[in-house]
Amino acid sequence: EWQPALKNVSSSWDVGIIDGLSGWTTSVDDAPADTISRRFRYDVALVSALKDLEEDIMEGLRERELDDSICTSGFTVVVKESCDGMGDVSEKHGCGPAVPEKAVRFSFTIMSISIRVEGEDDGITIFQEQKPNSELSCRPLCLMFVDESDHETLTAILGPVVAERKAMTESRLILSVGGLLRSFRFFFRGTGYDEKMVREMEGLEASGSTYICTLCDSTRAEASQNMVLHSITRSHDENLERYEIWRRNPFSESADELRDRVKGVSAKPFMETQPTLDALHCDIGNATEFYKIFQDEIGEVYQRSNPSREERRRWRSTLDKQLRKKLKFKPVMRMNGNYARRLMTREAVEVVCELVPSEERREALRKLMDLYLQMKPVWRSTCPSRDCPDQLCQYSYNSQQFADLLSTTFKYRYDGKITNYLHKTLAHVPEIVERDGSIGAWASEGNESGNK
């Protein structure tokens, strides 16, 4: 039972898997509505997840020596939400209904459950998800045949999910756990999104925009001049306000002035996401960048300007051959997580250095990788203050060193430009860790492995 009762949510309780568009009166017209998506009702899925954790909750109360007969209210559940597009899911043979050949999957993970005891200021955590990035803790909520770039259809299908989520934050769940009725409230944190999805949900321009960051208002040029000193300023509410300004243009400005005023918010933010950094795609983005630096160093780009495409191709194949011969790497079309993890190692840098003519440049590359490997555990680990306290303390210093190296030795690549994830890695990691305690735990891997 929910108190008060949920608004905008149907009252039937015997709900299984429902048509993903239920909750909307009109349907989306491109594909037959009854084939386009399937989902669980959000509140029902959460209740089912809590019932799965019933033993863990009771165990947690016992461990904390709390008398379960008086612990009937004050439970707080923190939920991580993830959502990702799934590429090509077309039928390879067969003749089902005509649906888009891409899919999107939305899922949630119960991250922690805590209880507030009278007389205590802070909540006591009685359940903490130990493997927040496993597909086993990641519960699917909604599967839809829709391209993640199709903003209209995506918002139409996730609209009811957003409505249910909003209703649940304003209500309490009364649920029988361990034989007694207990009251739970929910906090939702949308952190399991890659940058593309965040920009879509929050109404920002696409990732090639001059507004490089989903956390601050910096432009690409500013971010490459000042690599480290930025703080998180964007939020869902502010994006909504900016969208209103964009829509109404109260100061009758030109398109450029207006865009500068709203810092690239040009669509209506539709689902609140937590401004954070997606650890998996951060790895992939930075590895892609290092892969390009390796090619440039093999071709000694720092000495010359505008090498031809032919030359670049040659350096790339030289790099691929070397990596294949020495480290058994198969070249990949698009950087993936596994390749990124293997490329970003000291041993890979040593192998690349064999192809770099000047000793000075080899040293610079080794230093760059060393700094990177010092920084990486901080956004990868589930609990950095426990797993790598030293690296956490040194993070700001290391990122400053890293930025200095980029803006001097590797200036040819970072003059007026920098990639989105590199900016976030250098500028925002310590602030997010300070706020949330972790970046790695809130990443999208669980959802990604569920997609597989």
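This is a predicted model: local features need pLDDT of at least 70, side-chain atom pairs count only at pLDDT 80 or more; totals for chains, interfaces and linings use all residues.
Biologist: Which residues of H9 and H13 meet?

Modeller: On the H9 side the contact includes Ala-279, Phe-290, Ile-293 and Phe-294, and on the H13 side Leu-365, Leu-368, Met-369 and Trp-379 are among the residues met. By class, the residues of this contact divide into 11 nonpolar, 1 polar and 5 charged.

Biologist: How do helix H2 and helix H4 pack, and what is the angle there?

Modeller: H2 (residues 42-52) and H4 (residues 151-169) have axes 9 Å apart and pack at an angle of about 60 degrees. Since roughly perpendicular begins at 65 degrees and roughly parallel ends under 35, H2 and H4 are therefore oblique to each other. H2 contributes Tyr-42, Asp-43 and Leu-46 to the contact, while H4 contributes Val-161, Glu-164, Arg-165 and Met-168. Of these residues, 4 are nonpolar, none is polar and 3 are charged.

Biologist: Turning to the domains, what are their bounds, and how far apart are their C-alpha centres?

Modeller: The domain assignment gives domain 1 as 2-193 and domain 2 as 195-451. Their C-alpha centres lie 31 Å apart. The contact takes 33 residues from domain 1 and 29 residues from domain 2.

Biologist: How many salt bridges cross the interface of the domains?

Modeller: The rule finds 2 salt bridges across the interface of domain 1 and domain 2. Arg-189 also forms a salt bridge with Asp-436, and the closest N and O atoms of that pair are 3.0 Å apart.

Biologist: How many salt bridges does the structure hold, and which residue pairs with Asp-68?

Modeller: The structure holds 42 salt bridges. The side chain of Asp-68 meets that of Arg-182 in a salt bridge, at 3.3 Å from N to O. This pair links distant parts of the chain, 114 residues apart: Asp-68 is in the loop between helix H3 (54-63) and strand S4 (75-88), and Arg-182 is in strand S9 (residues 180-192).

Biologist: Which peptide bond is cis, and where does Pro-4 lie?

Modeller: Most peptide bonds are trans, and most residues other than glycine have a negative phi. The bond from Gln-3 to Pro-4 is cis, with omega near -15 degrees. Pro-4 lies in the loop between strand S1 (2-3) and strand S2 (17-19).

Biologist: What is the phi of Ser-252, positive or negative?

Modeller: Phi of Ser-252 is positive, near 45 degrees, in a residue other than glycine. Ser-252 is placed in the loop between helix H7 (236-248) and helix H8 (255-262).

Biologist: Where is Glu-354 found, and with which residues beyond its sequence neighbours is it in contact?

Modeller: Glu-354 is found in the loop between helix H12 (346-353) and H13. Leaving aside neighbours within four places in sequence, Glu-354 is in contact with Gln-322 and Lys-326. Glu-354 and Gln-322 are 32 residues apart in sequence, and their C-alpha atoms are 9.0 Å apart in space.

How values were computed: Residues are numbered from 1 along each chain as its sequence is written. Side-chain values use heavy atoms; hydrogens and water are left out. Contact means heavy atoms within 4.5 Å. Helices (H or I, at least four residues) and strands (E, at least two) are DSSP runs, numbered from the N terminus. Ala, Val, Leu, Ile, Met, Phe, Trp, Tyr, Cys and Pro count as nonpolar, Asp, Glu, Lys and Arg as charged, and the others, Gly among them, as polar. Domain bounds come from an automatic or database domain assignment. A salt bridge is a side-chain nitrogen of Lys or Arg within 4 Å of a carboxyl oxygen of Asp or Glu. Axes are lines fitted to C-alpha atoms, for helices over the stretch in contact, and angles run from 0 to 180 degrees between N-to-C directions. Angles under 35 degrees count as roughly parallel, over 145 as roughly antiparallel, 65 to 115 as roughly perpendicular and the rest as oblique.
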